[in-house]
Amino acid sequence: MQQININRNYKDRLFRLAFQEKEDLLDLYNAVSGRQYTNPEDIIITTLADAIYLGMKNDISFLVSDVLNLYEHQSSFNPNMPVRGLNYFADTYREYIEINGLDIYGEKLIRLPMPQYIVFYNGLKEEPDRVELRLSDAFLCQNPEENGCLECRATMININYGHNEELMDRCKRLKDYAVFVNRIRENERRGMALNEAVELAVNSCINEGILADILKKNRAEVCNLILYEYDEQKQLAIAREGAKKAGREEGREEGRKQGIAQGREAEKVIKCTL
């Protein structure tokens, strides 16, 4: 069995690798949108090479006809995705306007592709099949009678195995991805070390024709992606728990100080009344 070494500096993601070919990306787009495009060359990739928001590089952005699509993959629930989307779409439209020589200062209305923002979620926390995340939920003012002038909506789709089965049936690549990730988790639940769980999942999926093309061609790279991502998730979980513990300790210390101060004030009052 091939020995896999963990590359801690790998920043890419398996989801982006799985849909790097236009044929597969178009298949995913058709499944999500309900459209029936057949020519992969209808896709124009618009992913910003150096776009990084909240420490994460965006996954996939592309144009199909008159629709600008942003697809992102998340291994944990993040309610701030619409904020990221707002930043991303602003930069993408700025680039689109410049490339197409559009005049935003003229009297004629410019024409822009319609934005669609999809977040593919496969974290361990149980989430519904679909959730709409809105930028407006982050606004400090939540008066229902007042509407802000900005909105960005992200549709979060749960792609864990067993969720959104109709969507999975429309896109085999997406279903294969869900099966592959689920097998790794099932292997871990049976007590395997992560490295062993990944290798066994890779071997079984190749034998059954599940993501076989990229697993055969990019075996070591795929294992690195998975191992890095899982390690990153665990480190984030540890950091969050550490922050919570520190917060609890800080709260207890503050309570102790307040208790001492209140006790001293009470002593002063008692002495004054004697």
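**Strands, helix and cores**

Modeller: Strand β5 (residues 67-74) pairs with β6 in the parallel sense, over eight bridges. Strands here are DSSP runs of E, at least two residues long, and helices are runs of H or I with at least four residues, both numbered from the N terminus. Two strands pair if DSSP finds at least two bridges between them.

Biologist: Which residue stands opposite Asn69 in β6?

Modeller: Gln116 in β6 stands opposite Asn69.

Biologist: Before we go on, what kind of model is it?

Modeller: This is a predicted model: local features need pLDDT of at least 70, side-chain atom pairs count only at pLDDT 80 or more, and totals for chains, interfaces and linings use all residues. Residues are numbered from 1 along each chain as its sequence is written, and side-chain values use heavy atoms, with hydrogens and water left out.

Biologist: OK. What's the strand order in the open sheet of six strands?

Modeller: The order is β1-β4-β5-β6-β8-β7, and the pairing is mixed. β1 (43-45) and β7 (130-134) are the edge strands with a single partner each, so one side of each has no neighbour in the sheet.

Biologist: And how do β6 and β8 run, parallel or antiparallel?

Modeller: Parallel, with four bridges joining β6 (residues 114-121) to β8 (residues 153-158). Tyr121 has Asn158 as its bridge partner in β8, and Phe120 stands opposite Ile157.

Biologist: Switching to helices: what does α3 do between the strands?

Modeller: Helix α3 (residues 81-99) makes a right-handed β-α-β unit with β5 and β6. Right-handed means that, with the strands pointing away from the viewer, the path from the first strand over the helix to the second runs clockwise.

Biologist: Which residues of α3 are buried?

Modeller: Among them are Met81, Tyr88, Phe89 and Ile97. Buried means under 20% relative accessible area, with a 1.4 Å probe and protein chains only. After α3 comes Gly101, with a positive phi near 60°.

Biologist: Last topic, the largest nonpolar core. Which residues have the most contacts inside it?

Modeller: Tyr71 and Phe180, in a core of 48 residues. Such a core is a set of buried Ala, Val, Leu, Ile, Met, Phe, Trp, Tyr and Cys residues joined through side-chain atoms within 4.5 Å. A second, separate core of 15 residues includes Phe89, Tyr117, Val119 and Met156.

Note on methods. Buried < 20%, exposed > 50% of the residue type's maximum accessible area, 1.4 Å probe, protein only.
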